[in-house]
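I opened the notebook to look up how the chains meet.

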Protein chains: 6
Amino acid sequence: MFEIQRIVQTALEEDIGLGDITTEVTITSGTTARAELVAKEDFILAGIDVAEKVFKTVDSTVDFERLLQDGCQVRKGEVLAWLRGSAASLLTAERVALNLMQRMCAIASLTRRYVDAVADTKAVIVDTRKTVPGLRVLDKYSVRMGGGRNHRIGLFDGVLIKENHVAAAGGIAEAISRARVKLPHTLKIEIETRNVDEVEQALAAAADIIMLDNMSLDEMRQAVELIGDRALTEASGGVNLETVADIAATGVDIISVGALTHSIKAADISMLFD
Amino acid sequence: MFEIQRIVQTALEEDIGLGDITTEVTITSGTTARAELVAKEDFILAGIDVAEKVFKTVDSTVDFERLLQDGCQVRKGEVLAWLRGSAASLLTAERVALNLMQRMCAIASLTRRYVDAVADTKAVIVDTRKTVPGLRVLDKYSVRMGGGRNHRIGLFDGVLIKENHVAAAGGIAEAISRARVKLPHTLKIEIETRNVDEVEQALAAAADIIMLDNMSLDEMRQAVELIGDRALTEASGGVNLETVADIAATGVDIISVGALTHSIKAADISMLFD
Amino acid sequence: MFEIQRIVQTALEEDIGLGDITTEVTITSGTTARAELVAKEDFILAGIDVAEKVFKTVDSTVDFERLLQDGCQVRKGEVLAWLRGSAASLLTAERVALNLMQRMCAIASLTRRYVDAVADTKAVIVDTRKTVPGLRVLDKYSVRMGGGRNHRIGLFDGVLIKENHVAAAGGIAEAISRARVKLPHTLKIEIETRNVDEVEQALAAAADIIMLDNMSLDEMRQAVELIGDRALTEASGGVNLETVADIAATGVDIISVGALTHSIKAADISMLFD
Amino acid sequence: MFEIQRIVQTALEEDIGLGDITTEVTITSGTTARAELVAKEDFILAGIDVAEKVFKTVDSTVDFERLLQDGCQVRKGEVLAWLRGSAASLLTAERVALNLMQRMCAIASLTRRYVDAVADTKAVIVDTRKTVPGLRVLDKYSVRMGGGRNHRIGLFDGVLIKENHVAAAGGIAEAISRARVKLPHTLKIEIETRNVDEVEQALAAAADIIMLDNMSLDEMRQAVELIGDRALTEASGGVNLETVADIAATGVDIISVGALTHSIKAADISMLFD
Amino acid sequence: MFEIQRIVQTALEEDIGLGDITTEVTITSGTTARAELVAKEDFILAGIDVAEKVFKTVDSTVDFERLLQDGCQVRKGEVLAWLRGSAASLLTAERVALNLMQRMCAIASLTRRYVDAVADTKAVIVDTRKTVPGLRVLDKYSVRMGGGRNHRIGLFDGVLIKENHVAAAGGIAEAISRARVKLPHTLKIEIETRNVDEVEQALAAAADIIMLDNMSLDEMRQAVELIGDRALTEASGGVNLETVADIAATGVDIISVGALTHSIKAADISMLFD
Amino acid sequence: MFEIQRIVQTALEEDIGLGDITTEVTITSGTTARAELVAKEDFILAGIDVAEKVFKTVDSTVDFERLLQDGCQVRKGEVLAWLRGSAASLLTAERVALNLMQRMCAIASLTRRYVDAVADTKAVIVDTRKTVPGLRVLDKYSVRMGGGRNHRIGLFDGVLIKENHVAAAGGIAEAISRARVKLPHTLKIEIETRNVDEVEQALAAAADIIMLDNMSLDEMRQAVELIGDRALTEASGGVNLETVADIAATGVDIISVGALTHSIKAADISMLFD
């Protein structure tokens, strides 16, 4: 909870600094206004509470009436929220609220497209750590609003043994064994593999999750069959909207998609004054 | 200078939290490694110093040899920097360094495309306040590396009187006059106009900069002619790579482009271990 | 807005530390009191809201009734505000509230004397960056309450090319030209000149504001005439209450006065308990 | 130690914000310079280490050679320190370094005048809590450099029972007794008295220090005689350079002077480039 | 006041991080609950307000009805407070609230045992600086709730000249004399002595408080007699529940006990849901 | 890494505040000293690097030569580290360094006793979230140095469904199912059970880890047998040095012990000057 507060405060300090000088000199103190947040295109809503927090942080007396809930499908022209309060406060907070929400809705909407693309399979779409620095908690929340699930939040709450860890540890078996005896028993152990031979080593070492990294569809199918119920499978690398359905069709459990958070086009939202 | 430090530290805390548990248990302390940052596609470089700061913040003994300078054109396959140091430190810092640099290079590269598109005109490409919250200083730096220039940094260092300010102040003349007598004499006064009539009012009030907001090409041409040398002109709204050349051809001085920072596709960069 | 909060909290932490031990042991919990803030001499009021914020930060249940507004002329004996609440809270907050307000009123009052001294001219009195570190936002606000205007807030929001910048850049023309092509178009360019020859160079380079630094009255008059409407003029150096009227009479637009904030005598204000 | 770091960082952030834009665009990177800090009038030196810390915080490669020590008498024209390093760094740090040092030297110099005025007596000059919020540690240090001593730092490290505490506690005896049984045994108990009757009550309650608040010279003499060796005496209120010698002549041990820190005229110091 | 806020926030951030993931996924939003804090053994209560602050910080709408006051004797089975509010909030805050309160009650209870052990003497039980880093203000508060008193809070608010200070200063007389002329007159001077010879030196130098460090009971008695009313005496070293009564019987004024805060067994408190 | 820095800085600020006034006035600047950290009893070492960080933070020029490594068995009288540097710095840092290290060694030593007590079984000793607020990362590290392992760090990195979560979710099956579809696939799901019936429900719902909470030895044996290889088992509640061996003998995989961190007796360590 402190994290969202930190994000909002950092964003406001960055934009407002020592003051919104234009508003201070042009708007007579005491002037009130009504405004609405309006969708200028279709998208999945995410971040409406964050937007409210921005306005309330600038001015706790602003009225913010939320009309829609995060996670719902919004159509162009729909009103997301009504605002009423000091005209100066609304103008000062506007840009930060929109900057945050436009990114969040964009992530949710893109996630939804991936989720829809694999709807007929058992595959789950998850995010990665390729988020915008400082906003991870919002990026990951937006993925959930779009119907995706989260991979580990950071380096601290999940184990993912990559190629370089394996190399330094001296092999897959050794790397997994070290993790198993030293880490909290509450964490599963995931390991990256690049071919069927490595998959077999991972299985032998009883990995809990096996990442199939940049494998061809054929390799993936082979790996999925080999693994069966002995571990979860995660496809990673080369995933995009063109490829994701075929990847899902290989039978993998999880598909991780960096693009959900590193390459997005801001959703179009405006604040209109009455 | 404190701002970049804050960004790097926030990003590392967010990703590492109480520790990179995978690395801690798989990499024997004392293991060293060599790695390189490699371009996986063409782009304009931005953020190489930020990447270095990330690695040095994680471990001040890491060797980071920069091979290229921010602002230069990088080709796919080129090495950006050589690294040498603790294998654990390199692995722990990798993702944050890449997340930051991939975004920065993407912004610089996109800016360059806009700049190139208006190369035959006098128009200058500038950014907006539609940046990712918390990273504005890096977003704006990246725009400069791509050959663009910055608009005001935030609400505190530039005056931009928008439609709603005008409405609340009771007219263009009144809004400009309030700004002129109250604000530091070091700032120019910019005002948003939506049609030629408003342009005339802005000229009458001696605005220093007149924004032509969402005008048609014809209106812009008319406004530019009307204004002449009496104010700077800034085109805003509806600017994309398809339209920017035509907008520049109207003779405007400045074109502001929100997409430079709100809708970008991460540049592809990898850290490869030797 | 966060800045004033930071100032108040820093000031309270500095004074209270781990507790107001005298008050804690002598005042029985639950004891309430009434008090008033009283002027012990004439001054211009500034900082009444800051004082309120101090009391409210110590104890949000304190009643603070403001009787006068910032910017007004206060006479000795006038009551600025009534307070009612926990006796302990009032005593704990008293010194910080007074320390801040006494400085602010002093700055406003001194500014007013300068403003009055040039009342018959077009000259505007502005402050400098010679403020007390950490309190700039309050110092600059107090100048405005006294009828002055602000120069740039810091190094980030205004351009002032000084002698040493000129020397390093290789001349006035070059320095101004660098600033013009690199900085946001929203900022005017100010340059320091020491004699008429430099004024001519600044004019040739189309500086927006020309500072006349430590010039004699004759030189200033000559410079003002030379410049005419082509740039704003700012007198700087050697300004005090004895000289300011003569300087204004030269026709300069702006007079900057470091003493407004670096050499002040605290206004005399007391908190009296009923 | 963290406190001075906090002050320097806050001051630099306040002044530099997101960058010294003038210096960034006019000074070619790599340009070095030599400069010196020079006294433009006589004063007692205080803050030379703080100035060094400012320059080093901006740029740790700046060379700062201190020529004089805090506490010494400086004459007009004397050089305080030599600097060498990046021209940009010197220019960016200059104002903050001077703002801090000019205030500190002013406090030290004013303190010295008070100390000299009572040189023939046993009286010690001490400061109060009437310091500039946020800079107390520097203000109090400067008083020591001028030959004065410090009163308590804040509300947390010394007991001073004032009139309002006495009133709320129900009398001098009760207030002192509460303090004695509840507070750390390491602290002396000081109480404010306004007349000889209260002095007698304070003595009866075995106060360690008796403040003689706003008493006439006659009352003070009478009180000092009455108290003898049974408590320390502190004169407070109405102390200025005209009255301090007479007050000291009454035989009081300590004289506290708010003006040392609340009403000072900045010492004149310049940074000159070679 | 800011300190307790800092402790609570740090503790919650440490435990909750980016979210209480178990509660988020298992508890339906809107579910409310009632719970009570119950003593599972006898102890002295301390920290009930801190516990409340923890719950309120997590969720300001939680109802917290305190049934007992800090400082009172609690019996096994007694209810300390009733809570009502969001089930999720109660579960998220529970552990931090208990961790803080269980430590505080333990300190208060242990202190009470020492205080009771010396009840027939004039000796006062005080704490030391051997507290848990970061929680000193709570540790010292808990000592007071148990009937003890506080020694100095830290290095900044009390003078305690130890053996190594004496050695470096060149003797007891010199060390005390330096302290007397340089430190605020509001502080008493305490010095550590290890034998009667040093006690005599301390007396000759007019120390205000003489610490008898690790002396035998005989030495202590001898020292106490020698000192008489000329200074306060403080026994230190080798104090435990077996020895404290004998130490008190020597006539010392103060006994400082490190174990009060460095070696405690958490009090047993549970939060039970209705 | 930032966390340990935060702990050290918070601890030093808390103890030193605005200065170690005793040391400042008694120790002549420039005085150097040699000292050693010595064990006054047997213990397992933990925190030697943290101690070094404390000294280096106070004064980066202090020489700290570590003689032993964390995790080793130390005997009474052994020297842990040699220090050399400014006498003032050593004295100022001493208490904080010892406070941290004495707690850490105590935790490691107590953990070792538990680990030794179950040495002949497969049971692993783990900690809980019953740590001292603000020091969790050190508490958990010390447990590892004593041969124990860590349970989840906080609420954010592990799932533990307790009785109240089950009640609110409407049953064990439902609670586990919610967790499985919503949480990152990298986390195992642990659930608290109080009897064999609940164990069976947990098995049916395919819990990854089953906590046997406050069960009798018989119940635990029965549960362990029932569970077999289908889940990990964790014993919790009523664990102490008397009971732990019998609990381990039931065949549980993991035993969690709150006392490791909530009830410890500081290890005895001194800093001795040469």
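**Entry 1: chain C against chain E**

I looked for salt bridges (a side-chain nitrogen of Lys or Arg within 4 Å of a carboxyl oxygen of Asp or Glu) and found 0 between chain C and chain E. The model is a predicted one, where local features need pLDDT of at least 70, side-chain atom pairs count only at pLDDT 80 or more, and totals for chains, interfaces and linings use all residues. Side-chain values use heavy atoms, without hydrogens and water; residues are numbered from 1 along each chain as its sequence is written, and chains are lettered from A in the order in which they are written.

Next I looked up polar contacts (N or O atoms within 3.5 Å; within protein, one able to donate a hydrogen and the other to accept it, with residues adjacent in sequence counted only if both atoms are side-chain atoms). The count between chain C and chain E is again 0 residue pairs, both at pLDDT 80 or more. On the chain C side, helix H1 (2-16) and helix H3 (48-58) each give at least two residues; helices (H or I, at least four residues) and strands (E, at least two) are DSSP runs, numbered from the N terminus. H1(C) has the largest share, 4 residues.

I then checked contact, meaning heavy atoms within 4.5 Å. It joins 7 residues of chain C to 4 residues of chain E. The two chains bury about 560 Å² between them, 81% of it on carbon and sulfur atoms; this is accessible area (1.4 Å probe) lost on being put together, summed over both parts. C:Gln9, C:Glu13 and C:Leu18 supply 64% of what chain C buries here, more than any other three residues.

**Entry 2: chain A against chain B**

How much area do chain A and chain B bury between them? I read about 4,800 Å², 59% of it on carbon and sulfur atoms. In chain A, A:Glu14, A:Pro133 and A:Leu155 lose the most area to chain B, together 15% of what that side buries. Contact takes in 59 residues of chain A and 59 residues of chain B.

I counted 4 salt bridges across this interface. In one salt bridge, the side chains of B:Asp15 and A:Arg129 meet at 2.6 Å, N to O.

**Entry 3: strands across A and B**

I checked strand pairing, which takes at least two DSSP bridges. S12(A) and S12(B), residues 263-265 in chain B, pair in the antiparallel sense over 3 bridges. Within S12(B), A:Ile264 has B:Ile264 as its bridge partner.
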